[in-house]
Amino acid sequence: MKKYDLFTIIKPNLDNEEADKVVARVEEIVTTLGGAVLECDKMGRKKLAFEVAGFTDGFMVNQVVNMPADKIVDLKRQLKLNDSVIRIMFTIKECA
């Protein structure tokens, strides 16, 4: 399994409790697909550099996940189906 950085932007019109539920749901999806969330950094509500899906700010969350490479496509698909998530980005975390 490889380590990945999963960066998620959640809709800003949710309150903190609802945003935490979305983060918990993302963690649940990762574990269901055979992965694990190693770190979770909730950065809070931030202004975006440009408009995304009609929003100028959003709740930002950076998670380090350990996932099988063949499950990344399934994870991306499930996150795109979540209405509360407006943008996701995956990068492979380099291990030194």
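Buried here means under 20% relative accessible area, exposed over 50%, and partly exposed in between, with a 1.4 Å probe and protein chains only. Helices (H or I, at least four residues) and strands (E, at least two) are DSSP runs, numbered from the N terminus.

This is a predicted model: local features need pLDDT of at least 70, side-chain atom pairs count only at pLDDT 80 or more, and totals for chains, interfaces and linings use all residues. Residues are numbered from 1 along each chain as its sequence is written, and side-chain values use heavy atoms, with hydrogens and water left out.

Let's start with α1, which runs over residues 16–32. Its 17 residues reach 24 Å from the first C-alpha to the last, close to the 24 Å expected at 1.5 Å a residue; that expected span is 1.5 Å times one less than the number of residues. Buried in α1 are Ala19, Val22, Val23, Val26, Ile29 and Val30. Seen down the axis of α1, these buried residues fall within an arc of 115°, so they line one face of the helix. The arc is that of the directions from the helix axis to the C-beta atoms. As a reminder, an α-helix has 3.6 residues a turn, so residues three or four places apart point the same way.

In α2, the buried residues are Ile72, Leu75 and Leu79. Viewed down the axis of α2, they fall within an arc of 60°, so they too line one face of the helix.

| Helix | Exposed residues on the face turned away from the buried side |
|---|---|
| α1 | Glu17, Lys21, Thr32 |
| α2 | Val73, Lys80, Leu81 |

What do the buried residues of α1 pack against? They pack against β1 (2–10), β2 (36–52), β3 (55–67), α2 (72–81) and β4 (85–92). Those of α2 pack against β1, α1, β3 and β4.

**Single residues to look at**

Glutamine 63 sits in strand β3. With a relative accessible area of 1%, glutamine 63 is buried. Leaving aside neighbours within four places in sequence, its contacts (heavy atoms within 4.5 Å) include Val23, Val26 and Glu27, along with Tyr4, Asp5 and Leu6.

Alanine 53 has a phi near 55°, a positive value in a residue other than glycine. Most residues other than glycine have a negative phi. Alanine 53 lies in the loop between β2 and β3 and is exposed, with a relative accessible area of 60%.
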